[in-house]
Amino acid sequence: MSAARNSRPWTADLGDGTYRNPVLNADWSDPDVVRVGEDFYLTASSFGRVPGLPLLHSRDLVNWSIVGHALDRLEPAADFTVPRHDGGVWAPSLRHHAGRFWIFWGDPDHGIQQVSAENIRGPWTAPHLLKAGKGLIDACPLWDEETGEAYLVHAWAKSRSGVKNRITGHRMSPDGRELLDEGKTLIDADTIPGWFTLEGPKLYRHDGEFWILAPAGGVETGWQGAFRSRDFFGPYEERVVLAQGRTGVNGPHQGGWVRTAAGEDWFLHFQQRGAYGRVVHLQPMRWAAEDGGWPVIGDAGEPVSAHPKPTAPPQPAEAPASSDGFPGGRYGRQWQWTANPRPGWTVEHGGDGLRLSCVRTAHAHDLRVLPNVLVQRLPADTFTAEVEVSLDSEEPGAKAGLAVLGDAFSWIGLERSGGGGVRLVHRYAETTAAHERDAEHSRPAPEGRARLRIVAGPGARFRFHADTGDGAGFRPSGQVFAATPWRWVGALLGLFATAPTGTGPAGTACFTGFRTTA
């Protein structure tokens, strides 16, 4: 891995045996975690981005790296030829059983699917549709090691099914490929005073009881619930086990419980933070015998901001990669396409730097609808990102750049003008606009290349800069841009290259030295 790819704008490990939250300060939405031996693995929602089902690894639950993805493409493929930020992979569950890793998830438009692999790095099986239907989300399996029985729980998306606030349970075949009954409502939160938007269940067996850890109350301001029953099909009793309380951590909920090799219990969950997406916190957890055996998460049910690390061998400080030198012309695991990729979007070559084809499209005026934008999560609250781009296209209207992409977007980069020259351009579109507009007057880029820089300030407010090699160095461009999320997805950094409609190849753009720093 290149030195550029090792740059980290954020780390949770404070270097003194303690950590700070969030342990993953980026949009790793709806996390779930499992331990195998002394290794921890995490997956998260990827919605309509590809590859999907990201896979992270840690030895101490604090320092994480990206090791791959479990989905090469989204199926049915025809539904993901364009961006679907409200579809695809919702709230996956990660388990290890019978020598295999298993991931179950709900696609709100198609149903519950699963994949499995012997090795976390794959190969993974093709997706298997376990339960077809609309609105089936947040699936989680359980293999009861004592009885040999297998179970599945899931929640409901009202946007597709008209149903919400309930958890459904099934008996499942041990091979995870078939449900053995029609399903039963295990928890109807409409019958629990004050509870709404119950979703995201994680199913466990502990101390002879079935436990469902599930969030409620909505993404922004909800709480974490715990439900228990001696019988899988209920009845269940409930308790709130984590809430914002006196802290500044809004909506601390939806995640997974894991026990370390040293016997310590921990809980990972997300916090919705606007344009930054759903960042991940780590909370200490214990089962309180003095309180009827209920779990106590955080500091007496409130999130901790810092805490001694889990007992584990010393680890170097690490966070998922964001910088990328594109060694050998390949992009790193932190990048995803905004839809299923097509052949020819990248151009192979022997050197460093990423060559993107200038993909012909009638929609180049709106990056939000393009499938060929290569994106990654915002890596921290405040950071600087830089990349050099050269435009190797003679096609008038061909362009390439660095973008901040959400419900609104802004980008800076190069465009081939009708007069034949290459110009530096900076454009943006508001959330309600269907077409981008200039954020700054264009200026010549006589060498056909530029160094681009964006600086993220507090509140996800971005300033754009560029150096066209004219001796003036980096110059600011346009006004401050306030990044916005999509409904379920945080804002993203993106690289792209496009050209107007026409026939034949339209040239390429080469990106080199993508670097993020604190």
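Guide: A salt bridge is a side-chain nitrogen of Lys or Arg within 4 Å of a carboxyl oxygen of Asp or Glu. The model here is predicted, and it holds 33 salt bridges.

Visitor: How far apart are the closest N and O atoms of R59 and E38?

Guide: They are 3.4 Å apart, and R59 forms a salt bridge with E38.

Visitor: Where in the chain do R59 and E38 lie?

Guide: R59 sits in the loop between β4 (52–58) and β5 (64–71), while E38 sits in the loop between β2 (32–36) and β3 (39–43). The two residues are 21 residues apart, and the pair links distant parts of the chain.

Visitor: How do I read accessibility: is R59 buried, exposed or partly exposed?

Guide: Buried means under 20% relative accessible area and exposed means over 50%, with partly exposed in between. R59 has a relative accessible area of 28%, so R59 is partly exposed. E38 has 44% relative accessibility, so E38 also counts as partly exposed.

Visitor: Which residue forms a salt bridge with D291?

Guide: R239 does, with the closest N and O atoms 2.5 Å apart. D291 is partly exposed at 36% relative accessibility, and R239 is partly exposed at 30%.

Visitor: What does D470 form with R475?

Guide: D470 and R475 form a salt bridge, and their closest N and O atoms are 3.4 Å apart. D470 is partly exposed at 40% relative accessibility, as is R475 with a relative accessible area of 34%.

Visitor: Which residues are linked in a network of salt bridges?

Guide: K399, E415, R427, E436 and D438 are linked in such a network.

Visitor: Over how many bridges do β15 and β16 pair?

Guide: Strand β15 (residues 209–216) and strand β16 (residues 223–229) pair over seven bridges, in the antiparallel sense.

Visitor: Which residue in β16 does I212 stand opposite?

Guide: I212 stands opposite F227.

Key: Residues numbered from 1 in each chain as written. Predicted model: local features only at pLDDT ≥ 70, side-chain atom pairs only at ≥ 80, totals over all residues. Heavy atoms only, no water. Helix = DSSP H or I, 4+ residues; strand = E, 2+ residues; numbered from the N terminus. Buried < 20%, exposed > 50% of the residue type's maximum accessible area, 1.4 Å probe, protein only. Pairing = 2+ DSSP bridges.
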